[in-house]
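My notes follow in the order in which I looked things up.

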Amino acid sequence: MTKAEIIHWLRARLDPKLCRHSIATQEMAVELADIYSVNRHKATVAGLLHDCAKGLSHEELLLSANQYNIPLDEIRMTQPGLLHAPVGAKIAQAELGITDSEILHAIEVHNTGSTGMSRLDKVLYLADAAEPNRTYPGVEQIRELAFSGNLDNALLETMDMKICHVIERKRMLHPLSVDARNDILRGIIKGECYWD
Ligand SMILES: [Fe+2]
Ligand SMILES: [Fe+2]
């Protein structure tokens, strides 16, 4: 599928604001892909499609999760919006025939993160959080870090900011996010010890 065909498909599913966000995420993901030696095509497809299930209602997300055998835990049951990432990966596979497991994984974990994140996973996570339409306090710092050449440091700061936001809103934190952060931090600490 070409980029234009994917965008055409997205326009029928997402409102204009989400389409704009998806395209901007794709553009930033490709810029980051060049910095961090990630395949540009994979960054393009993952960036465009990461929110393809975001137009679904909570009921539809729960139904889709059931249909695609996506595990439902307490947090996903009470905050079904979280499911747009794993459901989006399944929709990209089922409706667009995307079979590349790296692209599908990047879409699946773009909101929570996971342990063992690939460079593509990290680039998508950062691009989603820091694309130019994002305006939350602190985004400039995240954007600067994303382009700094230190992928894991940028990721850790972004995760910290997102986790703090979840805590401030008194929402439940998904264990995948905690595991993802610990995993990135563990890698950073190991790297620092290695160079000592
Ligand atoms: Fe998302
Ligand atoms: Fe997004």
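I started with the largest pocket, which is lined by 44 residues; Lys-54, Arg-134, Lys-162, His-165 and Arg-169 lie nearest its centre. I took a pocket as an open set of points on a 1 Å grid over the protein atoms alone, where a 1.4 Å probe fits, with protein on both sides within 12 Å along at least five of seven lines; lining residues have an atom within 4 Å of a point. I noted a volume of about 1300 Å³, a volume being the space filled by probe spheres set on the points, which are joined across faces, edges and corners. I found that α2, α4, α8, α10 (151–168) and α11 (175–195) each supply at least two lining residues. With nine residues, α10 gives the most. Helices here are DSSP runs (H or I, at least four residues), numbered from the N terminus.

The model is predicted: local features need pLDDT of at least 70 and side-chain atom pairs pLDDT 80 or more, while totals for chains, interfaces and linings use all residues. Residues are numbered from 1 along each chain as written, chains are lettered from A and ligands numbered from 1 in the order written, and side-chain values use heavy atoms, without hydrogens and water.

Next I looked up the iron ion (ligand 2). I list its donors as His-21 (NE2), His-50 (NE2), Asp-51 (OD) and Asp-128 (OD), at 2.1 to 2.2 Å. Donors are N, O and S atoms within 2.8 Å of the metal (3.2 Å for Na, K and Ca); water is not among the atoms, so sites may look incomplete. Asp-51 also bridges to the iron ion (ligand 1), and the two ions lie 3.5 Å apart. His-21 is in helix α2 (residues 16–35) and Asp-128 in helix α8 (residues 119–130), so the pair ties together parts 107 residues apart in sequence. I noted both His-21 and Asp-128 as buried (under 20% relative accessible area; exposed is over 50%, with a 1.4 Å probe and protein chains only).

I then turned to helix α4 (residues 58–67), where Leu-61, Ser-64 and Ala-65 are buried. Down the axis they fall within an arc of 100°, so they line one face of the helix; the arc is that of the directions from the helix axis to the C-beta atoms. On the other side, Glu-59, Leu-63, Asn-66 and Gln-67 are exposed.

Last, I checked phi. Ser-37 has a positive value near 55° and sits in the loop between α2 and α3 (40–49).
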